[in-house]
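Student: I'd like a close look at one part of this protein. Could you walk me through it and then show me how it sits in the rest of the chain?

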Amino acid sequence: MTVRKLCANEITSVVKSLTEMVICATPGYTPVQPGNSCRVALYDVKANLGAVPPTLTFSFDAQIEYQYLNAGATFLDYCLIQGQSGSVDLPPGLTACCGQTVPPTVTYAATCNPGSITTTPTSVSAEITLSFTVSDLCAPTVVCVEDVTC
């Protein structure tokens, strides 16, 4: 019996996550303690399937709370980290699917861990996690079919 190999594209999704510490080196006041709140906004998320390897680019802003002293009293302030950008490599060989009426879709989420906030006299930092799902992608695959008599 003959085995035939058929080249095809499999519709697939890719999930990527990135965790990193972000540092604000320009607090408005001298930090003395971490706060208990932080936020992150993720935007301008784009998949570039023409790059080698394919990439996902993004921008983000973060806001981290910290404590400072003013005349012996403790106050709260936020340190802003704005206009940051990054990229994540996707697996090689991914393409937009031929014949699909819907282009690949990207969904994403961003979280900041308030328990990770740390301070020095000149900086405030926190851990953020960025998660991405790229759907409706095509990945090359091979399907093997064995010839049989019907």
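Student: How many residues does the hairpin use to join strand 2 to strand 3?

Tutor: Six residues make that link between strand 2 and strand 3. Keep in mind that this is a predicted model. Strand 2 covers 31-48 and strand 3 covers 55-70, and the two pair in the antiparallel sense over 12 bridges.

Now look at Phe-58. Setting aside neighbours within four places in sequence, Phe-58 is in contact with Leu-42, Tyr-43, Asp-44 and Val-45, among others. The contacts of Phe-58 also include Leu-18, the run Gln-84, Ser-85, Gly-86, Ser-87 and Val-88, and then Leu-130 and Phe-132.

That brings us to the core. Phe-58 is listed with Phe-60, Ile-64, Leu-130 and Phe-132 as the residues with the most contacts inside the largest nonpolar core, which has 27 residues. Strands 2 and 3 each give two or more residues to this core, and so do strands 1, 4, 6 and 7. As a general point, nonpolar side chains tend to be buried together in soluble globular proteins.

Zooming out, the protein chain has seven strands and zero helices. Buried residues make up 29% of its 150 residues. Of the contacts between residues at least 6 apart in sequence, 76% join residues at least 24 apart.

Terms used
Residues are numbered from 1 along each chain as its sequence is written. This is a predicted model: local features need pLDDT of at least 70, side-chain atom pairs count only at pLDDT 80 or more; totals for chains, interfaces and linings use all residues. Side-chain values use heavy atoms; hydrogens and water are left out. A nonpolar core is a set of buried Ala, Val, Leu, Ile, Met, Phe, Trp, Tyr and Cys residues joined through side-chain atoms within 4.5 Å. Buried means under 20% relative accessible area, exposed over 50%, partly exposed in between (1.4 Å probe, protein chains only). Helices (H or I, at least four residues) and strands (E, at least two) are DSSP runs, numbered from the N terminus. Contact means heavy atoms within 4.5 Å. Two strands pair if DSSP finds at least two bridges between them.
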